[in-house]
Amino acid sequence: MLTKIILALSIFAFSPVASAEITGLSIMQEQKQRHDVPQEFSQKKMTLESAKGKVKHRRMINYTRSLENQGNKTLLKFLEPTTIHNVGLLTWEQADPKEDDQWLYLPASKKIKRISGGGKSNSFMGTDFSFEDMRPENLQTHEYEILGEEDIDGLKYWLVQALPTTRKEKKASGYSKRIFWVRQDIYFTVKVEFYDRKKRLSKIGLYTDLEEVADGVWRSNVVSMENIKRKTRTSLITNQRDLVTPLSDAVFGTQALKRPPLKN
Amino acid sequence: MVKRLYQVSLGLALSAAFSFSVFAQASSSNSGWSQLKETFSGSLETRYVGYENRSIHESTQHVLESTLSIDWSKSLSDNVLLELTPVFYLDNEGSSGKDWSFDEQGLTRSGATLDQVVLSYFGERTEFSVGKQSFSWGKGDLYSPVDKINAVDLIDLPNSKKLSVVSVSSQYIGDYFSSQLIVIPDFIPNRIPNSDNRWTRRTDRLTRAVSARLGFVPDIRFEPRRLPNEATDDSQYGFRLTSSSLRGGWDFELSYFQGFSAQGVLEQQLDLGTLALTTVYPRYDEFGIGFSTTAGEFEIHGEVALHLTKNHDFDEDYATSLIGSRYSFYGVELWQPVEEIAITLEYASENVNRHRTEDSPFLSTGFGRALSNSLLGRVDIKFSEEMSFEFGTFYNLNRSDYSAQLKATHRPSDSLEFAASVEFFGGPSDSFFGEWSNNDRFAFLVTNYF
């Protein structure tokens, strides 16, 4: 018993978070370290609810690869409805101050178009998510501060505030600040409040139906984004996920954008 | 038949050789390009077009047409996909025949065709496709000088549409470059409007030009077009190199195409006071270069196509260039309902590097090369996912002739779309667009997606 206690204390003492003072940045770093994986494939169903209660559905697949010393590469393809079938968006993130590379493929014209990354804060394909909401958190372009702690249903949460710091991020982001609710036991964000440039609460994102998809790696299977101003809501339901099967570099090449959606 | 088999075999052999030479470099690991499934979708489009005026060529002022397009694809194995797109046309104008045709060589549009029938292999870094298909090359948004692989159906000129062609394509996707080789064993010319179609060219300018040269006014007779004879060297070839990460933030494209002018030229033959005109199709080489990049919130693109006619009796050598930019405004505060305004502006120019030989018996058909010194623009205004508005225009700076279109689109659901548009044409009566100033029109369109 004593051995177990000593072992537990030792692990705690040498864990990177426990050994240093917990800060907003350290929480976000630990979250990234625990849950980021080198690559991921997922298939998602999207539900868009209008202010009048009208519901539309989308189905899409998403390939992501995290590269050391480079930004993430993400390929997103729509499967349904017919009007946007095989529409593809490829993003290569670049380190600040370089602009991200982004290409859009529209099957009607059969052309791959380079698009300006300036529209980062804009709605992503008519949903309540913006392009920046769909990207992994960029820790280099924000400062993080712990606002406090909360107990909800017996679980402890940190409230972490994120503010854009670089000139480019301040200009490109649609948010003046965001507040994250991070679950302390698994370092996973379950709620985010988004404040617009006029510092008004504009959106609330909820991350539910949590699942441990690999050792210590958690994912939310249901993400809903509520737009307070527009009174609309978009839900993203993940129904297939693969963190294991290797993805080749070619998956993230521009010419691959034209290929039909393959894992459908 | 033997010759056709030879052409197809040649195309297959060349493309296969190209594919396999690069396939050796591809890893055999799980690429993620697997698990192709069967899909079925399509659209039914019904369009009413009303013309303000009668045309000297055509009396019909009200056109009703329907197009049914079905997309079906099926995986034959993990990496092999078969795609079929049968298309059916029906109209009250007689533009679409009642026949079934596959090769798109007909002078009129068939009532039914296979717009696409493609068998594709997807390797990790290689792609190989054979069948009737269409391609898009170039960086231009509204016009691409290098985009010449497919001919175009010009029967309804403002709604011109690419004609798919039987071809073989091999592609290799590299880390820095991607390359594509296309072999087209059969030549398909542009489908131009018949003499009873309001979009046909008038012959009075041609008559005046010929009269001035001959000293008298001849009768003009159009002879059946003469397609390139079915020899073994009928094939057309295209090769393209594209880069996306060679230099950060820039895309480049280099292309080469050797083929026949899809528009053709008119061969003159004077016979007892009658001038017989026959459309023939000169062979040419075309070298293309293009780029696209971004600067802040602007996208900037450009291309140049150098067109070299094989025989200078037939046609000129010329270089067509295009430079353009796209800019989007989002969440326009001044006008709250507007989600996005996207503006595209392009300028197209042409330089003739070598003229036809002086005593050449060949003339231009009057179609094509209309954008020799022109501004092209388009504004897309998106009010919501359901409602959008667009304005597009071509303006020729040489002759001040133009075309303009205004279109409003409403999508009440994912499976239904309504659109209404008006189109205007203007300019001097002997200019490209001015000749159709009688063809101003409005249209209503209903599209069901399934």
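Reader: Is Ser178(B) buried or exposed?

Author: Buried means under 20% relative accessible area, exposed over 50%, partly exposed in between (1.4 Å probe, protein chains only). Ser178(B) has 6% relative accessibility, so Ser178(B) counts as buried. This is a predicted model, where local features need pLDDT of at least 70, side-chain atom pairs count only at pLDDT 80 or more, and totals for chains, interfaces and linings use all residues. Side-chain values use heavy atoms, with hydrogens and water left out, residues are numbered from 1 along each chain as its sequence is written, and chains are lettered from A and ligands numbered from 1 in the order in which they are written.

Reader: Which residues is Ser178(B) in contact with, leaving aside neighbours within four places in sequence?

Author: Contact means heavy atoms within 4.5 Å. On that basis Ser178(B) touches Gln255(A) from the other chain, plus Tyr172(B), Ile173(B), Arg240(B), Leu241(B) and Thr242(B).

Reader: How many residues does each chain give to the contact between chain A and chain B?

Author: Chain A gives 43 residues and chain B gives 58 residues. The size of an interface is often given as the accessible area lost when the parts come together. Here about 4,100 Å² is buried (accessible area, 1.4 Å probe, lost on putting the two parts together, summed over both), with 49% from carbon and sulfur atoms.

Reader: How many salt bridges are counted between chain A and chain B?

Author: A salt bridge is a side-chain nitrogen of Lys or Arg within 4 Å of a carboxyl oxygen of Asp or Glu. The count is 6; one of the salt bridges joins Asp414(B) and Arg58(A) at 3.2 Å, N to O.
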